[in-house]
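Thanks for making time this morning. I would like to walk you through one model, so please bring it up on your screens.

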Amino acid sequence: MPYKIVASQCTSCSACEAECPNTAIAEKAGIFVIDPAKCTECIGHYDSPQCAAVCPVDNTCVVDPALPRHSALT
Amino acid sequence: MQQSEELSGGIDAGSQPLDELMQKIADHKGCGSSGGGGKSSCGSSAGQGDLAPEIWEKVKNHPCYSEEAHHHYARMHVAVAPACNIQCNYCNRKYDCANESRPGVVSEKLTPEQAAKKVLAVASTIPQMTVLGIAGPGDPLANPEKTFKTFQLISETAPDIKLCLSTNGLALPDHVDTIKAFNVDHVTITINMVDPDIGAEIYPWVFFNHKRYTGRDAAKILTERQLQGLEMLTERGILCKVNSVMIPGVNDAHLVEVNKAVKSRGAFLHNIMPLISAPEHGTVFGLNGQRGPTAQELKALQDSCEGEMNMMRHCRQCRADAVGLLGEDRSAEFTTEKIMTMDVKYDSETRKAYQQKVEQERQATVAAKNLELATLAGERSDIKILIAVATKGGGRINEHFGHAKEFQVYEVGTDGAKFVGHRRVDLYCQGGYGEEDSIETIIRALNDCTAVFVAKIGHCPKDSLAEAGIEPVDRYALEYIEQSAISYYKEYLDRVRDGEVTHVARGDADIRQGAFISA
């Protein structure tokens, strides 16, 4: 549930979209957004969240503190 | 004034490393010739040179591979590949400015369908457009679906257009067979190092097998994948060019090793480019003050590697969406909005007819050069001079001094005339801080040249150039470049012999770093 993209820093390069194992990332009107209902923080798939690992701008794919962490973490 | 002091200070500060570099280069040359595998002579970059006939056949109309072709043929890049799988310290993906010309920068991203339409629109408008490249703005092979879909659409509608792509090489081994299947016969790999310790200073991270690697580990993976990809391409008969960014103090001397490594793996052309780095680009190198090489440092490195293999010197480091002849960018004429309203008719007959005309003109250029060269036979002199040329293309001196956004530089000696580089002189966009005096900028860019050939020139710049020791020459207006250069050189030798002029070695020159402002 918990990753989000900081829209003001996103370059819309689309790299995260292809890497997401949950197809939780999509482009909406030129901006990429993560569907919090689909995001699993890549738990069970990979060692680290793929969107954050491939993102060219630091601190742009980040944990959304407004949402509870993924259930596997709690 | 302060600007010029800073600049000359930069050049002085660079002379010590230059000496060291020259020493390493000298060592390298000796090593290359004793190995016996070196190139026989400095192949005339203007023609077939030392290229095997089958390679020449493939590259002769490719502006990015053949120095001669770039006068006559145009290329375009379509920006369908925004994602990247590595981070380079000379790249900042956030930056996008229509006035900016450097790799990694575009104004709008295209879908494969939009890209295909754009290619047809451009090819119908510019018959000399023979090459379509995908170069980013990210890495084409980090966007394999978009890249190959674009190639598929274009090969269906415009099969005469050559396809090429430019990659950082990380994903290359996974896609070599697809590249072959799409008949892409030109691939460029950017290889800046073969030593992971040096790579760690250039690449902060790579994303590979679902994991971000940093430091030496990242560079080790990258170099292994690059060299593996290069070997796989050459095994399959796909022509491979290697681009390297020359970063003084980081990989400048090391590029000699890179040159050997890529040559031994079958790369047919090596393009060493100067680092583009300014604080306003927001790159790591721009912000930490990493300087780019001077014109002479770049030339010295290129000259040394030329003993080993063909060097490319006409690269304009263009944008990932550039359109037109090298050195010009007509992308603004072909925005998505404009092409979607264009009625595009792809007429391969007109294109063929135009290209035949170009072929005749090209042969005439070579014939004129050879004729002039014959008159130099028997002349022996150690004197070599650089001549800057204002040209709009077609291999002729056909640009007004004041309109030139760049000059092409030829080195002339008793062996003939050879293209050795180009110098940008467009006005410098300094992020709103105004423009420096353009004639001073031009003189700094051409400071190592003995003469400048133009179609026409006004009185004021003529005087300024003469004062700076650069002879402005307009008597070869509209003539062939190389023929004129040899003719001027002969007269120059006579004038030196008669004591009319004293031959002095010229100083160093600047490589422009700022934004390219195209018309």
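This is a predicted model: local features need pLDDT of at least 70, side-chain atom pairs count only at pLDDT 80 or more; totals for chains, interfaces and linings use all residues.

Residues are numbered from 1 along each chain as its sequence is written, while chains are lettered from A in the order in which they are written.

The largest nonpolar core has 150 residues, and Val119(B), Ile387(B) and Val452(B) have the most contacts inside it. By such a core I mean buried Ala, Val, Leu, Ile, Met, Phe, Trp, Tyr and Cys residues joined through C-beta atoms within 7 Å, buried meaning that 20 or more other C-beta atoms lie within 10 Å of the residue's own, with C-beta atoms placed from the backbone. Beyond its neighbours within four places in sequence, Val119(B) is in contact (C-beta atoms, placed from the backbone, within 7 Å) with residues including Leu132(B) and Ile154(B).

Ile154(B) is also one of the buried residues of α4(B), helices being DSSP runs of H or I, at least four residues, numbered from the N terminus. Those buried residues pack against elements of chain B that include α3 (112–125) and α5 (172–181).

In α15(B), the buried residues include Ile481(B), Tyr488(B) and Tyr492(B), and among the elements covering them is α12 (348–374) of chain B. Just after α15(B), Gly499(B) takes a positive phi of about 80 degrees.

Finally, the contact between the chains takes 13 residues from chain B and 14 residues from chain A.

Technical notes
A residue is buried if 20 or more other C-beta atoms lie within 10 Å of its own, exposed if 12 or fewer, and partly exposed in between; C-beta atoms are placed from the backbone. Helices (H or I, at least four residues) and strands (E, at least two) are DSSP runs, numbered from the N terminus. Two residues are in contact if their C-beta atoms, placed from the backbone, lie within 7 Å.
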